[in-house]
Amino acid sequence: MFLSSVGFSIVIMSIWPYLQKIDQTADASFLGWVIASFSLGQMVASPIFGLWSNYRPRKEPLIVSIFISVAANCLYAYVHVPASHNKYYMLVARGLVGFGAGNVAVIRSYIAGATSLQERTSSMANTSACQALGFILGPGRYFSLTCFALIGEKGVTWDTIKLHINMYTAPVLLGAFLGVLNIILILILLREHRVDDSGRQCKNVNFEEASTDEVQVPQGNIDQVAVVATNVLFFVVLFIFALFETIVTPLTMDMYAWTREQAVLYDGIILAALGVEAVIIFMGIKLLSKKIGERAILLGGFIVVWVGFFILLPWGNQFPKIQWEDLHNNSIPNTTFGEIIITLWKSPREDHSEGPTGCPVEQAWCFYTPMIHLAQFLTSAVLIGIGYPSCNVMSYTLYSKILGPKPQGVYMGWLTASGSAARILGPVFISQLYTSLGPRWAFSLVCGIVVLAILLLVVVYKRLVAFSVRHGRIQE
């Protein structure tokens, strides 16, 4: 999870400038499709790899999926070679990388099958912490772009294989190298292991050799209501964080009249700090869950997230600075998902001229919506940074316990697919609402969505129990 996260996050920074360089016909709308293709690929692949892992050794889907990601990264490095339609090659490459990322379902199902109920929360939290660390070390939205920029746009060319190594392809080639390293580690270190909820070794469908002291997998029906409810809650968790991550840059540029360079730097620092905060929360959850339980943490996390978005609602009588100047070619109209995403990739080196700053005059709400103060925004970010990791890890920890000791590959695939759908819809939802109606309506609706999630959690609260607890084999 750590190496995969690093490989993903270092590549994400180069997409927009690389797309502009290889195909002049690519616009912001197409960028939106390129970004969404990763989640679409993951959404399709997750149930497939999950089903595969239910009946075959988990090494197989893991190695194949990582190999697909490595091959897709190599394709990405060569998308500049064709004479035309380069943007479509990039679209395919990113979609295939996402398809390979469907192995998250296999990883979670492996952890669920290899741990007892008492070990589950701690193991899931460790996995999430590794994933968060990967995103912290890889991203540094400002730092990583600067480091790879030292290679330069021209870079070096390996004529024999027509490989061009520059500031755009170096990150993806490093991602491919990390993928190969991942495959080697899986071949050497991964061993099939399966226990029941009590921690006793049980029959392993993923491995042909059986031990004489193995116990049979307990029989019983899975609570499908709890399964569906957990999928919905997990969708909401990723939906709200995806939209928050998307809106950070345009919101700060509109409210505080930050230049593009300032927004990339300051927002990169804020998101990196939230990543560090998430790692701390993941570690704290391991201790807290033993005292108050996973369901209480999940409910508390949703409440904290709601408070965070409620604080983001505009108050007072101070209004943001209006961007009166005419929009120039180097300004960013907040009209589509792709155009909002651009600000996360835009390098300060690309344009040293400062375009107009402030809230664009095209957004009518700028004239009557109070500004969101910086302290207000930072407080909200801290609270969301507490609530999101709590809800995230508790969602799939509870989910794995509800499913019980049976193979969970397919179910974990559906959970991962719901998360991928959330990452597609969240940015589209917030970009359209924010642009047309402003932060007051956008964040009010988000608060409403979180309230509905809390109500759903309250309704199914008593059903979110472990499979063995529900069937009376273990006391909660």
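**A tour of helix pairs and cores**

Start by selecting H4 and H9, which are roughly antiparallel to each other (angle over 145 degrees). This is a predicted model, where local features need pLDDT of at least 70, side-chain atom pairs count only at pLDDT 80 or more, and totals for chains, interfaces and linings use all residues. Residues are numbered from 1 along each chain as its sequence is written, and side-chain values use heavy atoms, without hydrogens or water.

H4 covers residues 59–77 and H9 residues 170–189; their axes come within 8 Å and cross at roughly 165°. Axes here are lines fitted to C-alpha atoms over the stretch in contact, with angles from 0 to 180 degrees between N-to-C directions. Now show the side chains: the contact (heavy atoms within 4.5 Å) includes Leu-62, Ile-66 and Val-70 of H4 and Gly-175, Gly-179 and Ile-183 of H9. The residues of this contact divide into 15 nonpolar, four polar and one charged.

Next, select Glu-277 in helix H11 (residues 260–292). Glu-277 has 15% relative accessibility and therefore counts as buried (under 20% relative accessible area). Beyond its neighbours within four places in sequence, Glu-277 is in contact with Ala-381, Val-382, Gly-385 and Ile-386.

Then move to the largest nonpolar core, of 91 residues; Phe-244, Leu-251 and Phe-443 are among those with the most contacts inside it. Such a core joins buried Ala, Val, Leu, Ile, Met, Phe, Trp, Tyr and Cys residues through side-chain atoms within 4.5 Å. Helix H10 (residues 224–256) gives the most to this core, 19 residues. Centre on Leu-251: leaving out residues up to four places away in sequence, Leu-251 touches Leu-312, Ile-372, Phe-377, Tyr-434 and Phe-443.

Notes:
Helix = DSSP H or I, 4+ residues; strand = E, 2+ residues; numbered from the N terminus. Parallel < 35°, antiparallel > 145°, perpendicular 65-115°, else oblique. Nonpolar A, V, L, I, M, F, W, Y, C, P; charged D, E, K, R; others polar. Buried < 20%, exposed > 50% of the residue type's maximum accessible area, 1.4 Å probe, protein only.
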